[in-house]
Amino acid sequence: QVQLVESGGGLVQPGGSLRLSCAASGTIFSINDMGWYRRVPGKQRELVASITSGGTTNYADSVKGRFTISRDNAKNAIDLQMNSLRPEDTAIYYCNANVRPFIAEWGRDYWGQGTQVYVSS
C-alpha cells in the first residue's frame, strides 16, 4: 500500500506564490518519476511538472520560468514552488508517483487526493 499526501494549496492573488508539498509513504522499494498534474472542470488532466529519480525535470510550457519542482529522495517527497501565479493556474493539483513496492514488481502510478489552488483577486 502506498499513500501520497499533498499540502500547501489555498487562495492567492494574481502574482502571488504558493508552495505545494507531497510525501509518499507505505511499502516502497523505489520510486521512479514523480510529478504534479492539475485538472479544471471540462478539461483533461495535464502535466504541470515532473522529476526523475536522477533530478531531470520537465515542465508544461505554460509554467516554465514560474514554477520549480524539487525532490528529496531520502524523504520520498517533492515540492512545487509556484511564483507569479495567474488566474488560469486555478485548478486541483494532484501529486503522482511511479512506485515499485517490491523488487519483483513493475512500477505503478499512485495519486494523491488533490489540493485546491485558487488564484483570484
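**View 1. Pairing of β9 with β10 in the predicted model.** In β10, Y110 is the bridge partner of A97. Strands β9 and β10 (residues 108–111) run antiparallel and are joined by four bridges. Strands are DSSP runs of E with at least two residues, numbered from the N terminus, and two strands count as paired if DSSP finds at least two bridges between them. The model is predicted, local features need pLDDT of at least 70 and side-chain atom pairs count only at pLDDT 80 or more, whereas totals for chains, interfaces and linings use all residues. Residues are numbered from 1 along each chain as its sequence is written, and side-chain values use heavy atoms, with hydrogens and water left out.

**View 2. Further partners of β9.** Strand β4 pairs with β9 in the antiparallel sense through eight bridges. Within this pairing, Y94 of β9 stands opposite Y37. The pairing of β9 with β11 is likewise antiparallel and comprises three bridges. Here Y93 faces T115 of β11 as its opposite residue. Of the ten residues of β9, eight are buried, so this strand is largely enclosed by the rest of the structure. Buried denotes a relative accessible area under 20%, exposed one over 50%, and partly exposed the range in between, computed with a 1.4 Å probe on protein chains only.

**View 3. The largest nonpolar core.** This core has 30 residues, and W36, L80, M82 and Y93 are those with the most contacts inside it. At least two core residues come from each of β1, β3 (18–26), β4 (30–39), β5 (46–51), β7, β8, β9 and β11 (115–119). Strand β9 supplies the largest share, five residues. A nonpolar core is defined as a set of buried Ala, Val, Leu, Ile, Met, Phe, Trp, Tyr and Cys residues joined through side-chain atoms within 4.5 Å. In soluble globular proteins, nonpolar side chains tend to be buried together.

**View 4. Surroundings of Y93.** When residues up to four places away in sequence are not counted, Y93 touches E6, L20, W36, Y37, R38, V48, F67, L80, M82, G114, T115 and V117. Contact here means heavy atoms within 4.5 Å. Among these neighbours, W36, L80 and M82 are listed together with Y93 as the residues with the most contacts inside the largest nonpolar core.

**View 5. The disulfide between C22 and C95.** The structure holds one disulfide, a disulfide being a pair of cysteine sulfur atoms within 2.5 Å. The sulfur atoms of C22 and C95 are 2.0 Å apart. The torsion about their S-S bond is about -80°, so the disulfide is left-handed. Because C22 belongs to strand β3 and C95 to strand β9, the pair ties together parts that are 73 residues apart in sequence. Both C22 and C95 are buried.

**View 6. The aromatic pair of Y37 and W111.** One aromatic pair is found in a search of the whole structure. The ring centres of Y37 and W111 lie 5.0 Å apart and the planes stand at 65°, so the arrangement is edge-to-face. Rings of Phe, Tyr and Trp (its six-membered ring) pair if their centres lie within 6.5 Å, with planes under 30 degrees apart counted as stacked, over 60 as edge-to-face and the rest as tilted. Since Y37 is in strand β4 and W111 in strand β10, the pair ties together parts 74 residues apart in sequence. Y37 is partly exposed at 22% relative accessibility, and W111 is partly exposed at 31%.

**View 7. The open sheet β1-β3-β8-β7.** Four strands form this open sheet in the order β1-β3-β8-β7, with antiparallel pairing. Strands β1 (2–7) and β7 (67–72) stand at the edges with a single partner strand each, so one side of each is left without a neighbour in the sheet. Six bridges join β7 to β8 (residues 77–82) in the antiparallel sense. Q81 in β8 is the bridge partner of T68.

View 8. Most residues other than glycine have a negative phi. N76, although not a glycine, has a positive phi of about 50°; N76 is found in the loop between β7 and β8. Its relative accessibility is 24%, so N76 counts as partly exposed. S84, also a residue other than glycine, has a positive phi near 50° and is placed in the loop between β8 and β9 (91–100). With a relative accessible area of 41%, S84 is partly exposed.
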